[in-house]
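Hello,

Here is the structure I promised to pass on. My notes follow below it.

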Amino acid sequence: MIIRQAVIADLDGIEQGYQEHFAHEKKYGAYTVFQEDVYPTREVAKTALQNGTLYVYEENGDVLGSIILNRQQPDEYKKIEWLSKASDEKVRVIHLLMVRPSAAGKGIGSSLVNYAVDIAKQCSCTAVRLDTGKQNIPAISLYKKLGFQLVAALSMKVGGAIPHNEHLFFEKMI
């Protein structure tokens, strides 16, 4: 197993992971509000790759998970009274943590989040932020287990495109 910055050759595997996610949610019910062909898409991953902010979890040559880590705080973040009063330069934001459903339960999500926190520490950041839907019980459980604190709940456009009420915002001081 290796976690590393994504390369162009990873885009197919990342997109396959998104498609596996959509198929799984259609069959078993949804924890996310993601919408096929809206968010997440290959284009979202490609943009993050071009910006150097896309990371993958690879095992035996297969991409089993991915995560985006950058400084981009969605507009809704400005409405929140964060625990940290850190400047924007001292904050990193986790976006689009995705683990293939066929690889769930192996600690891949935890590994990717911990990796992102380590990168933030290396950049002298003092906080990591993220958001998820109130209905996403597995993600909420993961984030709390990894030391993230619930800071706020309000409406948000997920991926800048999907309106969602009862969205939760988390922060971890590092």
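**Overall fold**

Among contacts in the protein between residues at least 6 apart in sequence, 69% join residues at least 24 apart. Contact here means heavy atoms within 4.5 Å. This is a predicted model: local features need pLDDT of at least 70, side-chain atom pairs count only at pLDDT 80 or more, and totals for chains, interfaces and linings use all residues. Residues are numbered from 1 along each chain as its sequence is written, and side-chain values use heavy atoms, with hydrogens and water left out.

The protein has four helices and seven strands. Both are DSSP runs numbered from the N terminus: helices are H or I with at least four residues, strands are E with at least two. Their order along the sequence is β-α-α-β-β-β-α-β-α-β-β. The radius of gyration is 15 Å, close to the 16 Å that the globule rule gives for 174 residues, so the protein is as compact as a globular protein of that length. That radius is taken over C-alpha atoms, and the rule is 2.2 Å times the number of residues to the power 0.38. Along its principal axes the C-alpha trace spans about 40 × 35 × 30 Å.

**Surface and charge**

Of the 174 residues, 49% count as buried. Buried means under 20% relative accessible area, exposed over 50%, partly exposed in between (1.4 Å probe, protein chains only). The accessible surface comes to about 8800 Å², and carbon and sulfur atoms hold 49% of it. Areas come from the Shrake-Rupley method with a 1.4 Å probe; for residues, only the protein chains shown count as cover.

There are 20 positive and 20 negative charges, and their mean positions are 5 Å apart. Lys and Arg count as positive, Asp and Glu as negative; His and the chain ends are not counted. Each charge is placed at NZ of Lys, CZ of Arg, CG of Asp or CD of Glu.

**Strand E7**

His-167 sits in strand E7, residues 162-173. At 3% relative accessibility, His-167 is buried. Its side chain makes a polar contact with the side chain of His-164 at 2.9 Å. A polar contact is a pair of N or O atoms within 3.5 Å; within protein, one must be able to donate a hydrogen and the other to accept it, and residues adjacent in sequence count only if both atoms are side-chain atoms. Leaving out residues up to four places away in sequence, His-167 touches residues including Asp-131, Ala-152 and Met-156.

Phe-170 is also in E7, and is buried at 0% relative accessibility. Beyond four places in sequence, the contacts of Phe-170 include Trp-82, Ile-140 and Phe-148. Phi of Glu-166 is near 55°, a positive value in a residue other than glycine.

**Elsewhere**

Ser-66 lies in strand E3 and is buried at 3% relative accessibility. Ser-87 is in the loop between strands E3 (62-70) and E4 (91-99), and is partly exposed at 36%.

Please check the loop between H1 and H2. Pro-40 is in that loop, between helix H1 (11-28) and helix H2 (42-50). A cis peptide bond joins Tyr-39 and Pro-40, with omega about -5°. Asp-37 lies in the loop as well. Asp-37 is exposed at 69%, and has a positive phi of about 70° although it is not a glycine.

Best wishes
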